[in-house]
Amino acid sequence: MLPRRRARLSSRPYFSVAAAEQYPRGWLATRRSRPSKRARRAVTSISQGDDDGTPLSDEILVGIFADLPAFSDLVRCAATCRRWCRLVSGEADFLCRAARRHRTLAPPPLIRSLALGFFHSPRPSAAPRFAATASASRRLGGGLRQQPSLNALVEGLDDGLFDASRVVASRNGLVVVVLRRRKRERAVKLCVCNPMTGEVTILPPLGGKEITSPFACTVLTADDDDDSHVSDPPSSYRLLIVYGRRGFTACRTYASDGGGGGWSPEAKVWDAIGLRTKAMASMATGTGVVVRGVAYWHSTSIVFGVQLGTLRAEHLSMPLSGHDPAGNTLLGVSPDGRLRVVQVVASVCPTTFKSRVAIGVCTRSAPGGKDKWDPQTVIEVVGRVLPAETTWMQLRWMCEKSGVVFFTAGCSGDQSSDVYAMILDKLQVEKVASHQGGGDGGVVPSWEGLHGYEMDQTSYLRSLAMDEDDP
């Protein structure tokens, strides 16, 4: 069972600096510093209580909001009027903690606005950069249009901290980064940061005897724990790392809200099949999702899962998808909270009978179906949402809480590659970024290691009041 430990903060004082101001240098701080004509006009009404015709005090309204059964209800309340929006945004921490009391088997709906863009490394020696969607640039300020470096989060504290680093996990508003190693250094140094708030923590390094590479990791937040307490802050997290040992599969955890500091002792993942280096490398570069208390990764021909409560392994056979020309596979979550597999498959045009790329979607059967999958749904995207001359597509990342899929596409022989964000269930597509030149067969190496980014629910609620202030 994953231990719940209080972890010592990093020896570097990033958290102490972040606590000195609510939004010291994150994207929320950039957004909050933007001037707003509407905000200046609204000062008088706010000071008078934002009279909405409701005779209830702010405290009573917040108490009512805390008893709402779903997170989407809070979003609807924030959209009702300016006063309610101010209360929901100002009490985001409390409301997100209270929302955990209403957990049921019914999953929360997908919220498309959580997806902001993706991180990528333009070259090995550079810091990861962030490419924002058009909606994220409007919400969080014009600075995101320039693809800012991750170093911007720690400017003035440690310039160049993220140089030559790489993102290895991104989930629930948190990004996990492997920091650069010095010459002859074998220890793995990980860093967890929240771009929305600017909070950065460097974890204690793991030596060669403590962990082996490659490894798969994911971030577990309070929303993933059925036994979490309401008093746990929404910003608390645990980092789960899975790696191979000779003869068994092992894991370690790091908790942000426990005492004693350091990593947990190495634990064995029970009933796990032997994962060779190639299979583990596939897990390390893919999307890690958490569904009903199980963390899943795609590993070559199977889906590998770790039950968070018992540390027992799950092995799911991949759904039969027919011919898969590109070998593209992503894991995600369906709108009703089931595990989902998204693949690039071959499709035949009914008029020309020519083969072209399409997206195949399989959803795991209802609980009790074990490794059974519902029939595959094939989505024709070429000609509907992509140019008709598109000949290849590479899936890169699927955002778990919003259902947004990031992929690259282009034409064979063309030296350009475009990155798209698609709302899978709505078939709405937006071009996020482009790259000119390089790559074999149109696949540009600079997009390797792409990690999509979603803000956490607390940051989303905080940003709603900023939307209300926009002219």
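Guide: Buried means under 20% relative accessible area, exposed over 50%, and partly exposed in between (1.4 Å probe, protein chains only). This model is predicted: local features need pLDDT of at least 70, side-chain atom pairs count only at pLDDT 80 or more, and totals for chains, interfaces and linings use all residues. Residues are numbered from 1 along each chain as its sequence is written, and side-chain values use heavy atoms, without hydrogens or water.

Visitor: What share of the chain do buried residues make up?

Guide: Start with the surface, whose areas come from the Shrake-Rupley method with a 1.4 Å probe; for residues, only the protein chains shown count as cover. The accessible surface of the chain is about 21400 Å², and 51% of it belongs to carbon and sulfur atoms. Of the 471 residues in the chain, the buried share is 52%.

Visitor: How many strands does the chain have?

Guide: Helices (H or I, at least four residues) and strands (E, at least two) are DSSP runs, numbered from the N terminus. By that count the chain has ten helices, and its strands number 23.

Visitor: What share of contacts between residues at least 6 apart in sequence join residues at least 24 apart?

Guide: Contact here means heavy atoms within 4.5 Å. Take the contacts in the chain between residues at least 6 apart in sequence; the share that join residues at least 24 apart is 57%.

Visitor: Within what arc do the buried residues of helix 7 fall?

Guide: In helix 7 (residues 92-99), the buried residues are Ala 92, Leu 95, Cys 96 and Ala 98. They line one face of the helix, because seen down its axis they fall within an arc of 160 degrees. The arc is that of the directions from the helix axis to the C-beta atoms. Its value is 160 degrees.

Visitor: Which helices do the buried residues of helix 4 pack against?

Guide: Leu 61, Val 62, Phe 65 and Ala 66 are the buried residues of helix 4. They cover an arc of only 140 degrees around the axis, which puts them on the same side of helix 4. The buried residues of helix 4 pack against helix 5 (71-78), helix 6 and helix 7.

Visitor: Which residues make the nonpolar surface patch of about 230 Å²?

Guide: Patches are made of residues with over 30% relative accessible area and no salt bridge; like charges are joined within 9 Å, nonpolar side chains (Val, Leu, Ile, Met, Phe, Trp, Tyr) within 5 Å. One member, Leu 56, sits in the loop between helix 3 (37-47) and helix 4 (58-66). Leu 56 is partly exposed, because its relative accessible area is 31%. The patch is made by Leu 56, Ile 60 and Ile 64.

Visitor: How far apart in sequence are the parts tied together by Asp 58 and Arg 86?

Guide: A salt bridge is a side-chain nitrogen of Lys or Arg within 4 Å of a carboxyl oxygen of Asp or Glu. The structure holds twelve. In the bridge between Asp 58 and Arg 86, the closest N and O atoms are 3.9 Å apart. Asp 58 lies in helix 4 and Arg 86 in helix 6 (residues 82-90), so the pair ties together parts whose separation in sequence is 28 residues.

Visitor: Is Arg 462 buried or partly exposed?

Guide: The side chains of Asp 93 and Arg 462 meet in a salt bridge, at 2.9 Å from N to O. Asp 93 lies in helix 7 and Arg 462 in helix 10, so the pair ties together parts 369 residues apart in sequence. Asp 93 is partly exposed, because its relative accessible area is 31%. Arg 462 has 11% relative accessibility, so it counts as buried.
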